[in-house]
Amino acid sequence: MRCAVIQFAGSSGDGDCCHVFKNILGQSADYVFHKETFKPADFDIVVLPGGASHGDYLRPGALAAHTKVMESVKEAANSGKLILGIGNGFQILLEAGLLPGTMLINKDIKFYADEVLVKVENNATPFTNLYKKDEVIRLILSCKYGSYFADAKTIEQLKSQNKIVLTYCGFGKNGDEEDPVASMENIAAIANQEGNILGLMPHPERCAEEILGNTDGLRMFQSILQYFEGGKTL
Amino acid sequence: MLVAKIFTFPKAGVLDPQGSAVKPVISNLGFTSVKDIQTGKYFEVKIDACDVAEARKTVQELCSKVLVNPVVEDYEFEILEA
């Protein structure tokens with residue numbers, strides 16, 4: 001599996017994502033700078049990492065969505081390559097129009113960084129096939145603009161087509177904190193209609209190793225590998 | 001040279017947590033006549049255009065492409081001589 005990790009100005013999750021693909025899964029992973037281009041055939045999966053790209057100026061993801069590399073990302077997306085947007089990467093996918101809706105500032109206007117409990121609503125995707133349906137997993141959320149918003153028609157479509165992949169079901173270590181985000185339908189992750197693009201707010205790459213005290217995120221990366229290699233679990 | 005003054009603001013029905021946070025502070029300051037407050041953004045764009053109609057078209061394209069998020073924001077603008 002060949003993985004591209006895009007580096008925007010200010011990306012901070014790029015190193016962690018690359019580390020998971022390379023050092024934990026033993027796959028090939030290359031950085032692609034936002035001023036560069038690539039061909040769809042160059043990679044199997046493209047990761048848009050987290051971190052306030054381009055200073056989060058204008059709106060989170062708005063400036064990154066119009067960089068040169070995004071033309072290549074769109075081309076790869078249209079040719080069916082897997083695209084994974086994490087945190088700010090999700091916001092970039094929304095601003096680029098590759099996923100519907102947008103992110104509003106958290107309900108309490110604060111940056112939220114803590115563990116969250118999310119429920120796997122759809123495990124029939126290339127990104128979640130190693131989770132059980134309705135399984136509750138623990139991930140790390142780290143964002144200020146995490147309140148998913150879309151018009152009623154889009155929400156209805158996401159629900160009827162089963163494109164809501166992960167939903168929040170608890171905040172904080174014990175999952176008993178008040179919801180600081182107020183995301184519509186508790187959305188934590190959505191996929192596009194074709195299913196090859198996933199945007200998620202929590203960070204699976206930050207809980208993918210024993211040393212970090214949580215490996216629930218690792219199965220997302222293993223799911224991707226499973227999707228390409230078929231039938232083989234790590 | 002023309003200058004476009006562009007205002008963006010949340011669409012009706014979209015939560016504006018910043019506005020909601022500012023409102024009680026203003027009440028505490030004793031401005032009893034202030035009933036509501038909404039936050040937005042302001043852009044000033046210098047445009048080298050032949051006439052206002054051309055500049056207007058540029059502003060509309062600029063807004064729909066990048067300055068405004070049509071999912072949650074509306075915008076208004078005026079064009080003046082720089």
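**Questions on Sheets, Contacts and Burial**

Tutor: In chain B, an open sheet is formed by three strands in the order S2-S1-S3, with antiparallel pairing. Strand S2 (41-47) and strand S3 (73-81) of chain B are at its edges with a single partner strand each, so one side of each has no neighbour in the sheet. On average, neighbouring strands of this sheet are turned by 20° against each other, direction ignored. The model is predicted: local features require pLDDT of at least 70 and side-chain atom pairs pLDDT 80 or more, whereas totals for chains, interfaces and linings use all residues. Residues are numbered from 1 along each chain as its sequence is written, and chains are lettered from A and ligands numbered from 1 in the order in which they are written.

Student: Which strands does helix H2 (residues 52-67) of chain B lie across?

Tutor: H2(B) lies across S1, S2 and S3 of chain B, at about 35° to S1(B). For such angles, axes are lines fitted to C-alpha atoms, for helices over the stretch in contact, and the angle between N-to-C directions runs from 0 to 180 degrees.

Student: What is the strand order in the open sheet of chain A, and why is its pairing called mixed?

Tutor: The nine strands follow the order S2-S1-S3-S4-S11-S10-S9-S6-S7, with mixed pairing. Strand S2 (28-33) and S7 of chain A are the edge strands, each pairing on one side only. The twist from one strand to the next averages 25°. Strands of a sheet pair through backbone hydrogen bonds, either parallel or antiparallel. Strand S1 (residues 2-7) and strand S3 (residues 45-48) of chain A run parallel, with three bridges, and A:Val5 has A:Val47 as its bridge partner. Strand S6 (residues 112-120) and strand S7 (residues 136-143) of chain A run antiparallel, with eight bridges, and A:Asp114 is partnered by A:Leu141. S6(A) also runs antiparallel to strand S9 (residues 164-171) of chain A, with five bridges; there A:Lys119 stands opposite A:Thr167.

Student: What makes chain A as compact as a globular protein of its length?

Tutor: Chain A has five helices and eleven strands. Its radius of gyration is 16 Å, close to the 17 Å that the globule rule gives for 234 residues, so chain A is as compact as a globular protein of that length. The radius is taken over C-alpha atoms, and the rule is 2.2 Å times the number of residues to the power 0.38.

Student: Why is helix H3 (residues 88-95) of chain A called largely enclosed?

Tutor: A residue is buried if 20 or more other C-beta atoms, placed from the backbone, lie within 10 Å of its own, exposed if 12 or fewer do, and partly exposed in between. Eight of the eight residues of H3(A) are buried, so the helix is largely enclosed by the rest of the structure. These buried residues pack against S3, strand S4 (82-86), strand S5 (102-104) and strand S11 (197-200) of chain A.

Student: Are A:His54 and A:Asn186 buried or partly exposed?

Tutor: A:His54 counts as buried because it has 21 C-beta neighbours inside 10 Å. A:Asn186, with 17 other C-beta atoms within 10 Å, is partly exposed. Most residues other than glycine have a negative phi. Phi is positive, however, at A:His54, near 50°, and at A:Asn186, near 55°.

Student: Which residues have the most contacts inside the largest nonpolar core?

Tutor: They are A:Ile6, A:Val46, A:Val47, A:Ile83 and A:Leu93, in a core of 78 residues. Another core, of eight residues, lies apart from it and includes B:Ala55 and B:Leu67. A nonpolar core is a set of buried Ala, Val, Leu, Ile, Met, Phe, Trp, Tyr and Cys residues joined through C-beta atoms within 7 Å.

Student: How many residues does each chain bring to the contact between chain A and chain B?

Tutor: Chain B brings nine residues and chain A eleven. Residues are in contact if their C-beta atoms, placed from the backbone, lie within 7 Å. Helix H1 (residues 17-28) of chain B supplies three residues, the largest share of the side of chain B that touches chain A.

Notes. Two residues are in contact if their C-beta atoms, placed from the backbone, lie within 7 Å. Helices (H or I, at least four residues) and strands (E, at least two) are DSSP runs, numbered from the N terminus. Two strands pair if DSSP finds at least two bridges between them.
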